[in-house]
Amino acid sequence: MSKIASVETFVSGGVCIVRVRTDDGLEGYGQTAPGQPAITASVLHELIVRNYLGQDPFDVAALSDACVRAEYKFLGSFLFRALSGVDTALWDLMGRATGRPVYQLLGGKVRDRIPVYGSGMRRDTSPEEETERMTRAVAEFGFRCVKAKIGVRNGRDSEPSDGRTAKLVPLLRKELGDSVEISADANGAYSPAQAVRVGRLLEEYRYYHLEEPNPSWELDNMGAVAASLDIPIGAGEQEFSLEIVRRMVAERLVDVIQPDVCYIGGLTRARKVAEIADIAGIPCTPHCSNRSMVQIFTAHFVAAMPACTQFQEWSIEDQSATNGLYDPVPVPRDGFIELSDRPGWGIEIPAAFLDGATQQKSTV
């Protein structure tokens, strides 16, 4: 029986890749959540690996749960960011060992192609510049939905420039027409009253979805905004607590739940969020704002989870910092991406990335 013999981290270019190897030669690759990778790698080696070394790698769900319970004194974002690295590596390992893609391990495809939306990340553009960027992305990749940033991140009702949101919302609709859905992401920009005002503007121009109108921790405010508007309200990307996710769904504080595979603690825990959403009858639309391995994790997740019915996030930004991180990188065509039937995540990590990274290894 295989036992986990080593867990390695490779930190470079803003990401932390994780490799898990067993005593009989199996291996798999995962990644922690992007952002502060060196800190996350330290947490992984100090707190996470002690719950995995010497264990059966196929006990992925049991190990995730046991790790969280064992490290309850340290519950917080960095713990779950680190946990995601080992968890996603184990899913890859299981896929490689069985010759199956991860989406089959999750239960099989419920959709052959994944519809994606063009997701803009910038607030420093003028309404005209942002509209031109979105129009160009639609033409190049065939997106049938796009998402633009509005307000200032957690900005207490402020705008990056005078009237940007009020100008951008109608301009995007005018230039893209009615054949393209449009969403808006406030990243916690507004108080409840201002969120309702902005939400009504979005409704006037037939927008598809409003993400994080209030700061993510203001759950009751989020619920009040959702109850006041017809446009669907989404949130959840920042959450690592499954109990908070359960409350958000059960109390209808959101209309769309948006976990990030690597913020929530890996595929094992993200799967629970999708099941909660499915039982409640609301969409699960994961957060996936960069082009690291997170987009591959998310694609397999969405391919297999029935609740992931909407357009899924695909960044339109230049993220050359992650070039060479893995291969092959999916390219949207006609607004869709497709996954191969290669084992595990279906990708490879170039040796050049691993050799050039800051490495750390924990062993039995």
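Reply: **Salt bridges and their surroundings**

K147, K149, D185, E211 and E313 are linked in a network of salt bridges. A salt bridge here is a side-chain nitrogen of Lys or Arg within 4 Å of a carboxyl oxygen of Asp or Glu. The structure holds 20 of them.

The model is predicted: local features need pLDDT of at least 70, side-chain atom pairs count only at pLDDT 80 or more, and totals for chains, interfaces and linings use all residues. Residues are numbered from 1 along each chain as its sequence is written, and side-chain values use heavy atoms, with hydrogens and water left out.

Start with R19 and E8. They form a salt bridge, with 2.9 Å between the closest N and O atoms. This pair links distant parts of the chain: R19 sits in strand β2 and E8 in strand β1, 11 residues apart. Helices (H or I, at least four residues) and strands (E, at least two) are DSSP runs, numbered from the N terminus. R19 and E8 are both buried. Buried means under 20% relative accessible area, exposed over 50%, and partly exposed in between, for a 1.4 Å probe and protein chains only.

Now the sheet. Four strands form an open sheet in the order β3-β2-β1-β12, and the pairing is antiparallel. Two strands pair if DSSP finds at least two bridges between them. The edges are β3 (27-31) and β12 (358-363), each pairing on one side only. On average, neighbouring strands are turned by 20 degrees against each other, direction ignored. Axes are lines fitted to C-alpha atoms, for helices over the stretch in contact, and angles run from 0 to 180 degrees between N-to-C directions.

Take the strand pairs in turn. β1 (residues 4-12) and β2 (residues 15-22) pair antiparallel over 8 bridges. F10 has I17 in β2 as its bridge partner. Helix α1 (residues 37-48) packs on the sheet and touches β1, β2 and β12. The direction of α1 makes about 165 degrees with that of β1. Helix α3 (residues 77-98) also packs on the sheet, touching β1, β2 and β3. Its direction makes about 145 degrees with that of β3. Contact means heavy atoms within 4.5 Å.

β2 and β3 run antiparallel and are joined by 5 bridges. V18 has G30 in β3 as its bridge partner. The hairpin of β2 and β3 has 4 residues between the strands, and G25 in it takes a positive phi near 95 degrees. Of the 5 residues of β3, 4 are buried, so the strand is mostly covered.

Next, R133 and E317. Their closest N and O atoms are 2.7 Å apart in a salt bridge. R133 and E317 are buried.

I316 lies in that loop, between β10 (312-315) and β11 (336-337). I316 has 17% relative accessibility, so it counts as buried. Leaving aside neighbours within four places in sequence, I316 is in contact with G118, S119, G120, R133, M134, A137, F143 and R291. I316 and G120 are 196 residues apart in sequence, yet their C-alpha atoms are 5.8 Å apart.

D220 lies in helix α8 and R247 in helix α9, so the pair ties together parts 27 residues apart in sequence. D220 counts as exposed because its relative accessibility is 54%. R247 counts as partly exposed, at 25%.

At the start of α9, a side-chain oxygen of S241 comes to within 3.3 Å of the backbone nitrogen of E243. Just after α9, R252 takes a positive phi of about 55 degrees.

Conventions:
Polar contact = N/O pair within 3.5 Å; in protein donor to acceptor, adjacent residues only side chain to side chain.
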